[in-house]
Amino acid sequence: GGWGEDFSSCYDKDYAKEGMVAYGDDGSGIINTAWALLALSMAKCEDVAAIRRGVQYLISRQLSSGDWPQEGISGVFNRSVGITYTA
């Protein structure tokens, strides 16, 4: 239901086929899904089913406290600095 990509795609400059398998949830990640939903919204995407699945994924991952579980590295800049968003 969500979207994900492994941070190695930033470093390797190539699509990371396995997505967030090692760090997310079945290949999807919270941050990647949120970014994808923002982009689809700005692009006025008409695929309501895809957007609905993404939103449902985020709802399912949110903790009872309203926070989000910590996931792996979301991106890399300067090919050496990992970016992560703490819970």
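Buried means under 20% relative accessible area, exposed means over 50%, and partly exposed lies in between, with a 1.4 Å probe and protein chains only. The views below show a predicted model, in which local features need pLDDT of at least 70, side-chain atom pairs count only at pLDDT 80 or more, and totals for chains, interfaces and linings use all residues. Residues are numbered from 1 along each chain as its sequence is written, and side-chain values use heavy atoms, with hydrogens and water left out.

View 1. Helices (H or I, at least four residues) and strands (E, at least two) are DSSP runs, numbered from the N terminus. Of the 87 residues in the protein, 25% are buried. Contact means heavy atoms within 4.5 Å. Among contacts between residues at least 6 apart in sequence, 47% join residues at least 24 apart.

**View 2. Ser8 in helix α1 (residues 8-12).** With a relative accessible area of 24%, Ser8 is partly exposed. Leaving aside residues up to four places away in sequence, Ser8 touches Lys13 and Ala16. Look for Gly75 here too: Ser8 and Gly75 are 67 residues apart in sequence, yet 7.9 Å apart in space, C-alpha to C-alpha.

**View 3. Helix α2 and its buried face.** The 13 residues of α2 reach 18 Å from the first C-alpha to the last, close to the 18 Å expected at 1.5 Å a residue; the expected span is 1.5 Å times one less than the number of residues. Ile30, Asn32, Thr33, Ala36 and Leu37 are the buried residues of α2. Seen down the axis, they fall within an arc of 160°, so they line one face of the helix; the arc is that of the directions from the helix axis to the C-beta atoms. Leu38 and Met42, on the other side of α2, are exposed. The cover over the buried residues of α2 includes α3.

**View 4. Lys44, in the loop between α2 and α3.** Just after α2, Lys44 takes a positive phi of about 55°, although Lys44 is not a glycine. Lys44 counts as exposed, because its relative accessibility is 68%.

**View 5. Helix α3, seen by its buried and exposed residues.** α3 has 14 residues and spans 20 Å from its first C-alpha to its last, close to the 20 Å expected at 1.5 Å a residue. Ala50, Gly54, Tyr57 and Leu58 are buried in α3. These residues cover an arc of only 95° around the axis, which puts them on the same side of α3. Arg52, Ile59 and Ser60 are exposed on the face turned away from the buried side. Here α2 is part of what covers the buried residues of α3.

**View 6. The packing of α2 (residues 30-42) against α3 (residues 48-61).** The two helices pack at an angle of about 145°, with their axes 10 Å apart; axes are lines fitted to C-alpha atoms over the stretch in contact, and angles run from 0 to 180 degrees between N-to-C directions. From α2, the contact is made by Ile30, Thr33, Ala34, Leu37 and Leu40, and from α3 by Ile51, Gly54, Val55, Tyr57, Leu58 and Arg61. By class, that makes eight nonpolar, two polar and one charged residues; Ala, Val, Leu, Ile, Met, Phe, Trp, Tyr, Cys and Pro count as nonpolar, Asp, Glu, Lys and Arg as charged, and the others, Gly among them, as polar.
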